[in-house]
2 protein chains.
Amino acid sequence: MDVDIDTTHSQVVSITLFVAVLCLCLVIGHLLNENRWVNESITAIIIGCVVGTIILCVSKWKSSRFLRFDEQLFFIYLLPPIIFNAGFQVKKKHFFQNFFPIMLFGVTGVFISTSIVAAGCRLLFPKIGLKGLTVSEYLSLGTIFSSTDTVCTLQVLHQDETPLLYSLVFGEGVVNDATSVVLFNAVQKINANTLGGKAALDIFLDFLYLFSTSTILGVTAGLLTSYILRGLGFGRHSSVREIALMILIAYLSYMLAELFELSGILTVFFAGVLMSHYAWHNVTESSRITTRHTFAAMSFIAETFIFLYVGMDALDYEQWRMSMLSFWASLGLYSTVMVSILVGRAAFVFPLAIIANYMHRGGDASSKITAKHQVVIWWAGLMRGAVSVALAFKQFTLSGVTMDPIDATMITTTIVVVLFSTIVFGFLTKPLISYLLPPNTSNIDRARSLKEDMTLPLLSFEESASENLSRAKENISMLIERPVHTIHSYWRRFDDTYMRPIFGGPHSTALP
Amino acid sequence: MDVDIDTTHSQVVSITLFVAVLCLCLVIGHLLNENRWVNESITAIIIGCVVGTIILCVSKWKSSRFLRFDEQLFFIYLLPPIIFNAGFQVKKKHFFQNFFPIMLFGVTGVFISTSIVAAGCRLLFPKIGLKGLTVSEYLSLGTIFSSTDTVCTLQVLHQDETPLLYSLVFGEGVVNDATSVVLFNAVQKINANTLGGKAALDIFLDFLYLFSTSTILGVTAGLLTSYILRGLGFGRHSSVREIALMILIAYLSYMLAELFELSGILTVFFAGVLMSHYAWHNVTESSRITTRHTFAAMSFIAETFIFLYVGMDALDYEQWRMSMLSFWASLGLYSTVMVSILVGRAAFVFPLAIIANYMHRGGDASSKITAKHQVVIWWAGLMRGAVSVALAFKQFTLSGVTMDPIDATMITTTIVVVLFSTIVFGFLTKPLISYLLPPNTSNIDRARSLKEDMTLPLLSFEESASENLSRAKENISMLIERPVHTIHSYWRRFDDTYMRPIFGGPHSTALP
């Protein structure tokens, strides 16, 4: 392994080995697919660990990886396709139907969880013997350990059997990613060692600013793409240009957001949502099939890449040697973080579910979040993933390198929490959900084909369009009684009358 | 433009601007598409020049580009998708039917052209006042200016009207790229200042070794993918994995070839050919549509990226200042190279066409390369493109930077030749071909739908399969009389009997 002789050559070696391991992951992941206990993430992490061990042996305890973890690589190249695909593939019908509870869990939840994790660490870390972290660093730790990874749970849930639960878990996962990154960036700006009401208000206002501007940018990018594809009739010549344009504008919106220090995640998510709602209807049939699968494939490769990387990085010898705590103290550290995560999540899922049920009281029974569903939502958000690792590297290293023992300890803690939660909680997810929601008995009556979802409007309901419109006209008391539904129907009228004629998409009156 | 303050920030700025300009190129390219005189390459180069000028003004004559030209970027990330797509989309029927003339032009032609260009430069450069180049550098110049760019001509030719001509130009383009890169690498190893028969033999043997091993590696990668996709039944679960696997194994084969210092271009080309011949038949319907369009879109983005880059790089002020020759001497230099290219290409196209016609003498009249076709083939290969620029940067700079006046002169010469040939010859291509081959009169009788091409075997003929087989059995005199046809029919029997049952694809007896 003459990796150090020549930069160019070592780069080629790294890429070759990494791509080879990715292929291996793909094949093994496919073979293990029958076994629902083991998901892609766990496979990739374990293969990463195995490969890391081999490299560690071959390189005589010098290194366990080909590429240094670079959070730039993660934020510039790997995250955008994953989030864009999430926005593009999201079942818009259910996502927007449950928009209110999703936002409650995804936004408010992160605030609550961050506070509790930060407070827990602030309280217990000094007792274990780890001192010297600033308030800002504790808050960063809070956001780092508040970003969830719901992939594992989503692989077990069935969209057709439990549509409400699925859309809540999926939606929260996406919003949570964005919120925690935005909040992380807002927290970064706090320099003082104390935190008063003024600072808390600043964080909140900063958050609101980032959230709204990022969303507007993403929506603009999505509408612009739709308009160009519709107005200039790209499909007449080639679907290649259509596909290239969608990918490039989505990526451009992400990079613009990063450039203006907004949240690229939110931007590219909304760009994805709007492209699938409008632009997707303006392209040729083959472009529709291609974009769906291509975006999914890009996202899949990026995800596998990240988990593989986390697995390899777990064995980085230098980091472990640098972290200074004893075995028991380290164990105390990991337990503190894990317990904070469990408590922090419980502290918002159950109360917020009650609020969501209250707001939806006018809706039908199926939109109520039952106690069992609440437990599943709580569990689904316990896994920690790539975003946590990337944020930890951003906070505690300089381009993947750290020389400070405390920083090294924080990195190893993050990796242990990610590995433990993904593997242990991941393995337990399947039995837990089978126990709570026995298949084919719950909600099977609500199951229906979702194939028509892509052609349905952004905010369709169980009711037909005309029914909706007449109901919306009734009176203003509606808005108080069934606030969520009423806002939806106003939006839908607006979409039909003004947006679709300009940006594309089928007219909903043509639908059953 | 505070690009220099922070590496991370400047990286984000560069990528954002570059993606924005790429989007612009796409939209303008689409709007100009009606005008067949202006093709994608010309559009991208001109936009690159304009953007370069703007940056030059904004940065007050310091720089004309966002990213330094990195031939690593080109060879590791941009070239593989272009060549893989060429292999994947090649009309295999015509490509292999005309395999012999394509190889004559693509391989032998490069050798002849390289010798003539190198000799021309060796003879005339010292007279203009440019001294100090070694024999190895003259030979490198020969290979640099022997790699053609046939995109422009292919956009004008109509595959249905002149299938033979189209497949010759397309096929030569691909083989030429590979040959010139392989030959360039072989020439690099020559260190002596003189060139004897021994050295020439070494180059040739090295070339043969690189050519055969690279091909074998590519074929192996293609067959492996087909076998995995067929044997493990990936499609049962998701077409996402199928697509990801095809992309990753193709890229892996390219990187492996680079790692073993073979020709990645040849490897990935043959991987593409074999994947579309076997693997493509083992995947789901949506994967088939997706792979075709995705590979084309990736190739399209990479190509636009390169031409945009060449356009921007043309205005790099530093390079121009560094090159030391007077205006008239520079003009002499450019003329020398251009004339060498014209003569070097004429010197092999016309003689080799006669040989090709002789070899095909048993075939029908439509497979004869007429004089007009010869002129078109000669013209199609006059444009120089991205491969020339990348090779020039590899030879004459160190990671895109040069301090030597002679090297800087060689870089500017390459850029001038690429710009001049692409823009001037590019503009003239359409009128020339309209004059030589008036539309809808030539060969229209041969025009037929090529939609079934993907389902046809690798080496199908005008004749039906059974006819072929019976003819192949006739006797050995056939091999002498119609050598190309006979080899084809033997291969086809082999393909049907042994390859397709293992690696996938429809059985040809099921075809009409």
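Predicted model: local features only at pLDDT ≥ 70, side-chain atom pairs only at ≥ 80, totals over all residues.
1. With a relative accessibility of 0%, A:Thr267 counts as buried, because buried means under 20% relative accessible area. Leaving aside residues up to four places away in sequence, A:Thr267 touches A:Ser214, A:Leu217, A:Gly218, A:Ser253 and A:Ala257.

2. The helix around this residue can be checked for its length: helix H11 of chain A covers residues 264-277, and at 1.5 Å a residue its 14 residues should span 20 Å, which agrees with the 20 Å between its end C-alpha atoms. H11(A) is also mostly covered, since 14 of its 14 residues are buried.

3. On the surface, A:Ile46, A:Val50, A:Ile54 and A:Val58 form a nonpolar patch, and together they have about 330 Å² of accessible area. A:Val58 belongs to helix H2 of chain A, residues 40-58, and it counts as partly exposed because its relative accessibility is 47%.

4. The contact between the two chains takes 51 residues from chain A and 51 residues from chain B, and the area buried between chain A and chain B is about 4,600 Å², with carbon and sulfur atoms giving 77% of it. Of the area that chain A buries against chain B, A:His30, A:Arg241 and A:Leu248 supply 15%, more than any other three residues. The count of salt bridges between chain A and chain B is 0.

Conventions: Residues numbered from 1 in each chain as written. Chains lettered and ligands numbered in written order. Heavy atoms only, no water. Helix = DSSP H or I, 4+ residues; strand = E, 2+ residues; numbered from the N terminus. Expected span 1.5 Å × (residues − 1). Buried < 20%, exposed > 50% of the residue type's maximum accessible area, 1.4 Å probe, protein only. Patch = residues over 30% accessible without salt bridge, like charges linked within 9 Å, V, L, I, M, F, W, Y side chains within 5 Å. Areas by Shrake-Rupley, 256 points an atom, 1.4 Å probe, with all protein chains shown as cover. Salt bridge = Lys/Arg side-chain N within 4 Å of Asp/Glu carboxyl O. Contact = heavy atoms within 4.5 Å. Buried area = accessible area lost by both parts, 1.4 Å probe.
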